[in-house]
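Me: I am new to this structure. Please show me how to read a few of its features.

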Amino acid sequence: MMFANDVLTGNYSKTTYDDVIVRRFPPNSNQAFTRLYFETRNAIKRLARRHGSMNWSVAVLVPTRRMTRMISDWFREPLSGRYPIRHHAVVDMEAAILAAEVIALALQRQQDNEEDVAEFIVLVCNYYRGKGGESPAMTHLREAERVDTAYNKAIARRRGGKEAVKNSLFLPMERTWLSRPRQLTGDPAQDWVEMRKHFADGDCRRLKEVARDVRNVRLLRRGTQLRDDLSEAWRDSGYYRDALAILRQALVRHHFAINRRPESGVVIMNMHKAKGKQFDEVIIFEGWPRRQGRVVTNQDRIVPGNLWRNVDDSARQNLRVSISRAKQRTTIFTPISDHCVILPSPR
């Protein structure tokens, strides 16, 4: 691909390229994501006409993990009146998996007892300790320690005949845990959503985080093994018996399945994760500057801060690799007011 090779040198040999299109967007979230939304829909229509219903792939490649989640959320819940775009977001799944374990435990709870609360706290602490993968943030590790300490202090006071202190961070967690969403139905997908909403709507910010991260788990579609196993547990027991163990088994199966399957449909991922993959079309989308008279932040850029001093071989190579992931066409989105420094100047 000529354009991809020209990115390495910065010497663009043509004014237009047949297989690469650079588009510019206004630097605000509604207009930026709306343009990306319609570009993705148009790519789906083009490829579906050419290849059939699902024999195609579109990658939306972005510079950061944060933007992967932002676009996934936007595609899942676009502005009113627009259809969601079904997609697979390649995110670091540690937080989602550990959050899913908290939801599964809540689903399987049949009665209130101290052992269940203790296991619940262990899973919440695991969530904070593990959500950063091999490089957990110190703030998350401290949060796990705070949760564990607050729980142990509250239990010790109760066993001594005293109430937990009123400002204990354990209390809003306990209230959410002990209260229930509306009556569960036996439909695993519906009940999973209800439990997630219950956490999201409660007064505990930590469980709101769990509810947000668990949205990246997509294992309960109709016909999946996890859904069937949870349904069978409900039929046999009248509740989601062993839901946590069932979830863990499903996650193991899912891990091996996704490592074997080819990419298809719409995939959102970090540019660094695209190496070695191929898609029919690629859409590269970067962030934009936030201004208050001057630029105050400039996150999620192909070149950090979109500054010339940060342009190096690594930045050029990363963009080149991302462009060359496309078999047929690449579209690159960059903001109007702060055009990507390693792309050809707008004409």
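Reply: Start with threonine 34, which lies in helix α2. Helices here are DSSP runs of H or I, at least four residues, and strands are E runs of at least two, both numbered from the N terminus. The model is predicted: local features need pLDDT of at least 70, side-chain atom pairs 80 or more, while totals for chains, interfaces and linings use all residues. Residues count from 1 along each chain as its sequence is written, and side-chain values use heavy atoms, without hydrogens and water.

Me: Is threonine 34 buried or exposed?

Reply: Buried means under 20% relative accessible area, exposed over 50%, partly exposed in between (1.4 Å probe, protein chains only). Threonine 34 counts as buried because its relative accessible area is 13%.

Me: Which residues does threonine 34 touch?

Reply: Contact means heavy atoms within 4.5 Å. Leaving out residues up to four places away in sequence, threonine 34 touches Ser29, Trp74, Leu79 and Arg82.

Me: Which other residues of α2 are buried?

Reply: An α-helix has 3.6 residues a turn, so residues three or four places apart point the same way. In α2, the buried ones include Phe33, Leu36, Tyr37, Thr40 and Leu47. The buried residues of α2 pack against several elements, among them β1 (20–25) and α3 (65–76).

Me: What follows α2?

Reply: Glycine 52 does, with a positive phi near 105°.

Me: How many residues does α2 have, and what does it span?

Reply: The expected span is 1.5 Å times one less than the number of residues. α2 (residues 29–51) has 23 residues and reaches 32 Å from first C-alpha to last, close to the expected 33 Å.
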